[in-house]
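Take a short walk through this model.

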Amino acid sequence: MALSSTIYTFTIELSDVDRGVYESLALKVARHPSETEEYLLTRVLAYCLEFVEGISFSKGVSDTDEPAVTVRDLTGALVTWIEVGGPDAARLHKASKAAPRVVIYTHREPRLLLRSWEGGKIHRAQEIELYAIDKEFLAGIIARLDRRTAFSLSVSDRQLYLSIGEETLTMALERTSLVPD
C-alpha cells in the first residue's frame, strides 16, 4: 500500500520590504512521503521569497519535468523556474533553456552543490541564482512545525525575520554564484 501525501496549511504574513511585497498568504502544501521537513520548508520559503502574480507550486516530486515552483505570465509562458534542494547539472541546463530566470533555494551545503556541478554543462550558469537556507533557521521552524502553521516573514536588506509563536528567527540570505570569480 502506497503512502499518501500529508497536507500542511500555512498562514503567512509576508512583508518583503526589498521588493515592496506585502501579502497575507494561505497555502495548502502537500508533503510527499519521501520529502523531508527541510525540503518542504525550503519550498514554502522559496514561494514566499519569490512571490509575484503567477507563482504556483508544481505537482511535487512526482512530476520530474517541472520545478518545485514556477512563475508564469498571463499568457501561461514560463517566466521563472524555481528549483529546491540539489538539482543536477543536466536539470539546470534544461531549466536555463526553458525559462528566462532560474533560481535555486537549497537546504543543503552550497559548496557541495557547486562541486557536484563542476564539469557539467549548464546553459547561462552565470545568471542562475543560488540561495541557501540556513540549517539552524530551518531547525527553528521545524521545532514549531505543525499541520497548521502560522508565521510572519519579513525581508529587509536580504535579512529574513521569521516570527513563529513567541520566537523570531533570523538569517541573512546571500546569493552564491555558480561560476567561480
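The buried residues of H2 pack against strand E5 (78-84), strand E6 (101-106) and H3. Contact here means heavy atoms within 4.5 Å. Helices (H or I, at least four residues) and strands (E, at least two) are DSSP runs, numbered from the N terminus. This is a predicted model: local features need pLDDT of at least 70, side-chain atom pairs count only at pLDDT 80 or more, and totals for chains, interfaces and linings use all residues. Residues are numbered from 1 along each chain as its sequence is written, and side-chain values use heavy atoms, with hydrogens and water left out.

Which residues of H2 are buried? Helix H2 spans residues 89-98, and its buried residues are Ala-89, Arg-91, Leu-92, His-93, Ala-95 and Ser-96. Buried means under 20% relative accessible area, exposed over 50%, and partly exposed in between (1.4 Å probe, protein chains only).

Now turn to another pair of helices. H1 (residues 37-49) and H4 (residues 135-142) pack at an angle of about 100°, and their axes are 10 Å apart. Axes are lines fitted to C-alpha atoms, for helices over the stretch in contact, and angles run from 0 to 180 degrees between N-to-C directions. That angle makes H1 roughly perpendicular to H4, a label for 65 to 115 degrees. From H1, the contact uses Glu-37, Glu-38, Leu-41, Thr-42 and Leu-45. From H4 come Phe-137, Leu-138, Ile-141 and Ile-142. By class, the contact has 6 nonpolar, 1 polar and 2 charged residues. Ala, Val, Leu, Ile, Met, Phe, Trp, Tyr, Cys and Pro count as nonpolar, Asp, Glu, Lys and Arg as charged, and the others, Gly among them, as polar.

Two loop residues come next. Arg-124 is not a glycine, yet its phi is positive, about 55°. Its loop runs between H3 and strand E7 (129-132). Arg-124 is partly exposed, at 22% relative accessible area. Arg-158 also has a positive phi, near 60°. Arg-158 sits in the loop between strand E8 (148-156) and strand E9 (159-164). Arg-158 is partly exposed, with a relative accessible area of 25%.

The last stop is a pocket. Helix H3 (residues 110-117) gives the largest share of the lining of the second largest pocket, 4 residues. The lining has 13 residues, and Leu-114, Arg-115, Glu-118, Leu-178 and Pro-180 lie nearest the centre of the pocket. A pocket is an open set of points on a 1 Å grid over the protein atoms alone, where a 1.4 Å probe fits, with protein on both sides within 12 Å along at least five of seven lines; lining residues have an atom within 4 Å of a point. By class, the lining has 7 nonpolar, 3 polar and 3 charged residues.

Notes
Parallel < 35°, antiparallel > 145°, perpendicular 65-115°, else oblique.
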